[in-house]
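Hi,

Here is the structure I promised to pass on.

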Amino acid sequence: MSSPFLWGVASSAFQIEGALDEDGRGPSVWDVFSERPGAVRDGHSPALACDHYHRWAEDVELLDRLGVNAYRFSLAWPRVVPTGRGAVNGAGLDFYDHLVDSLLARGIAPVPTLFHWDLPLALEEAGGWSERDTAHAFAEYAAAAADRLGDRVDRWITLNEPLVHTTYGHALGVHAPGRILEVPEVMRVAHHMLLAHGLAAGELRSRGLEVLLTNNYSPVSPATGSEADTAAAHAYDTLHNRLFTDPVLTGAYPDLSAFGVAEVPGVREGDLKAVAGSADGLGINYYNPTVATAPDEGSGLPFGFGEVAGAPVTAFGWPVVPEGLGRTIDLLRGRHGDALPPLYVTENGCSYEDRVSPGGRIADPERIAYLEGHVAEVEAARERGADVRGYFVWTLTDNFEWAEGYHQRFGLVHVDRATQARTPKDSFSWYRDLVAARTASADA
Ligand code: GBH
């Protein structure tokens, strides 16, 4: 019997857990970055987040009510290895151990991500992702996590969106660790993250486990047919859709000359071998497509951003274009053919302002329309022959949205910031019904 299509939701440790000082967790880059004045909108603190560390059983109940057969969450590296390298914190692993058991008892497949941006601070203080050692530390942490949970969890995601962590965290400085490096040094960070993925994949596979890498993808069009806009779109595509994908599928970096990089710094003999063929599946995080324009003068980037014409936007200002998800899947298939492993949509979702009605009901028709459109794209792509094996909504509960603090609400479940009360939105019932219908027809 082939395994069933995964219908799930996704979350990440730092965005929901809180309890930053409990049971031996060490500090992460986000703990300190979020305290920098101006780093997080209105100075919102991640200290409590959704208090999931204490309310996880209630959140698993919500998953049960939702009827999903998979849950993507992340392990906090600083809980498992508080100083990044060396001693493993058993109490940190206990938390995920209980979570996994509780999910399995309800027929929900746990899909853990090992790194969703919360690097142990001690590693950052030793140079972070600029240091090759960080990749080795990650592989050791992956091994420790797999040794504890691998008897019950067979599918693992190594990194979440290494591109966002690389660029937002090390080039733009708007995410932790808040560094602003020159382009070649940014590429060194990228390489060490890819190497980390490759080394961790080796550890996981040697234990008989399946390895996924999750990237954010965005299909891009030039604003006009001009040569300059076309070159800009090409550069954006290389960065977003190839930098963290081509080496994993083909063992080679794409041409980075648009970024003034002839050779990626830090690449040693054997590195690309460790990375080539290192994914049994690719995770796609898709939110919106991009329109590229020639860069503004002195921008330092080989592209600028245009408007996605005619599309409504979410509260975050992101255009809503479901077809972009189908386009993304087709782009990867067209580009990589037989080298493309099975695909999983590991994140898809949108933020909207609350509309709490007097009875306490939360109507979010825009979210339902967004998800409906994107699910239809996944199903149409499968009919065209794409091997897509899962779809995960970002996210279960409204949570700490990085530099936006609690301003962007992506949840199927509303969280009252003052009381932590969870209230399922209309989209929760809509998704529950969809999952029930799809899983029933799969059983038939
Ligand atoms: C993901 O990142 C993260 O994995 C997750 O932690 C986060 O909470 C979630 O998405 C929601 O943000 O400028 O209009 O072209 C998302 C990565 C990068 C997707 C920026 C949208 C640009 C929108 N995002 N991107 S736009």
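Charged residues number 7 in the lining of the largest cavity, next to 3 nonpolar and no polar ones (Ala, Val, Leu, Ile, Met, Phe, Trp, Tyr, Cys and Pro count as nonpolar, Asp, Glu, Lys and Arg as charged, the others, Gly among them, as polar). Among the lining residues are Tyr352, Asp354, Arg367 and Lys425. A cavity here is a set of points, on a 1 Å grid over the protein atoms alone, where a 1.4 Å probe fits but cannot get out, and lining residues have an atom within 4 Å of a point. That largest cavity holds about 50 Å³ of space, taken as the space filled by probe spheres set on the points. In total there are 4 cavities of 30 Å³ or more.

A word on the source: this is a predicted model, with local features needing pLDDT of at least 70 and side-chain atom pairs pLDDT 80 or more, while totals for chains, interfaces and linings use all residues. Numbering runs from 1 along each chain as its sequence is written, and side-chain values use heavy atoms, leaving out hydrogens and water.

Now the ligand. Around it sit 17 residues, of which Gln15, His116, Glu161, Glu401 and Trp402 come nearest (near means a heavy atom within 4 Å). By class, this shell has 9 nonpolar, 5 polar and 3 charged residues. Of the 590 Å² of accessible area that the ligand has on its own, the protein covers 82% (Shrake-Rupley method, 1.4 Å probe).

Cheers

Notes. 1 Å grid on protein atoms, 1.4 Å probe; cavity = no way out; pocket = protein on both sides within 12 Å on 5 of 7 lines; lining within 4 Å.
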